Amino acid sequence: DAAGLAADALAAAQRALALDDGSPEVLGYAGCALCDLGQREPGVALLQRALDLDPSNAQAHVAMGASLGLGGQLAAGIEQMRFGMQISPRDRRLGFWGWALGVFLLRAERAGEALAEARTAARRDPRFHLPHVLQAAALLQQGHGAEASAALATARQLCPALTLKEVGLSHGRAVAERLAPLWAEG
């Protein structure tokens, strides 16, 4: 129930803001949630408030970078995401953040950098399947079909319920379409 889930997430963000709209952490997470829900303008405003209050808020920097990337400003988004990751080098979220950064790098046609981020993200969180999907996409783009097939097989092993639809939602339809022939092999 995507609509119900979105409504629940929006309500949770609004409740958090009502409880403490002066906390950089609350502002950062609420801003991220709004951006994820397609409410980019108010989400970015909350992220900016979080950064104004705490310029060392890594989560808000990464979320702002992702928002910029989704808004078509790939270079600026990539730079801001990298900054957020650099200021929190031991953060437990680095696996997820690195995967997301890699997706934007792939969209910016920087497959080598995307592959490096995907491999690092997979090492940081060995149970997370999406970095392996990203590796497959980057390897395939570089002409390494056998390695791409192995990476996709690893992703499917980690997450047996993984579908091409999820790949399309998480990495973009073009990636799902490029990986579809490998999917049929596996």
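Let me begin with helix H8, where the buried residues, meaning those under 20% relative accessible area, with exposed being over 50% and partly exposed in between (1.4 Å probe, protein chains only), are Leu130, Pro131, His132, Val133, Leu134, Gln135, Ala136, Ala137, Ala138 and Leu139. What we are looking at is a predicted model, in which local features need pLDDT of at least 70 and side-chain atom pairs count only at pLDDT 80 or more, while totals for chains, interfaces and linings use all residues. Residues are numbered from 1 along each chain as its sequence is written, and side-chain values use heavy atoms, with hydrogens and water left out.

When I say helix, I mean a DSSP run of H or I with at least four residues, just as a strand is a run of E with at least two, and both are numbered from the N terminus. Ten of the twelve residues of H8 are buried, so this helix is largely enclosed by the rest of the structure. Its cover, judged by contact, that is, heavy atoms within 4.5 Å, includes H6, H7, H9, H10 and H11. After H8 comes Gly143, which has a positive phi, near 85°.

Now to helix H6, which has 14 residues and reaches 20 Å from its first C-alpha to its last, close to the 20 Å expected. Is H6 largely enclosed by the rest of the structure, or is it left open? Twelve of its 14 residues are buried, so H6 is largely enclosed. Among those buried residues are Leu94, Trp97, Trp99 and Leu106, and the buried residues of H6 pack against H4, H5, H7, H8, helix H10 (164-171) and H11. Just after H6, Glu109 takes a positive phi of about 60°.

The next topic is the nonpolar core, which is a set of buried Ala, Val, Leu, Ile, Met, Phe, Trp, Tyr and Cys residues joined through side-chain atoms within 4.5 Å. In soluble globular proteins, nonpolar side chains tend to be buried together. Here the largest nonpolar core has 40 residues, and those with the most contacts inside it are Trp99, Leu106, Val133, Val167 and Leu179. Two or more residues come from each of helix H4 (58-70), helix H5 (74-86), helix H6 (94-107), helix H7 (111-124), helix H8 (130-141), helix H9 (145-158) and helix H11 (173-185), and H6 gives the most, with nine residues. If we leave out residues up to four places away in sequence, Leu179 touches Val133, Ala136, Ala137, Leu140, Leu152 and Val167. Apart from this core lies another, of 15 residues, including Leu46, Leu47, Ala50 and Ala60.Let me turn to the aromatic rings, where rings of Phe, Tyr and Trp (its six-membered ring) pair if their centres lie within 6.5 Å, and where planes under 30 degrees apart count as stacked, over 60 as edge-to-face and the rest as tilted. By this rule the count comes to three aromatic pairs. In one of them, the rings of Phe96 and Trp99 have their centres 5.3 Å apart and their planes at 50°, so this pair is tilted. Both residues lie in helix H6, three residues apart, about one turn of the helix, yet Phe96 is partly exposed at 46% relative accessible area, whereas Trp99 counts as buried at 8%. Phe96 also forms a tilted pair with Phe128, at 6.0 Å centre to centre and 35° between the planes. That pair links distant parts of the chain, with Phe96 in helix H6 and Phe128 in the loop between H7 and H8, 32 residues apart. Phe128 is buried, with a relative accessible area of 14%, and ring pairs link Phe96, Trp99 and Phe128 into a cluster.

A charge sits over a ring if NZ of Lys or CZ of Arg is within 6 Å of the ring centre and within 35 degrees of the ring normal, and in this model Arg156 lies over the face of Trp183, at 4.0 Å from the ring centre.

Gln59 is in helix H4 and is buried at 6% relative accessible area.

Technical notes: Expected span 1.5 Å × (residues − 1).
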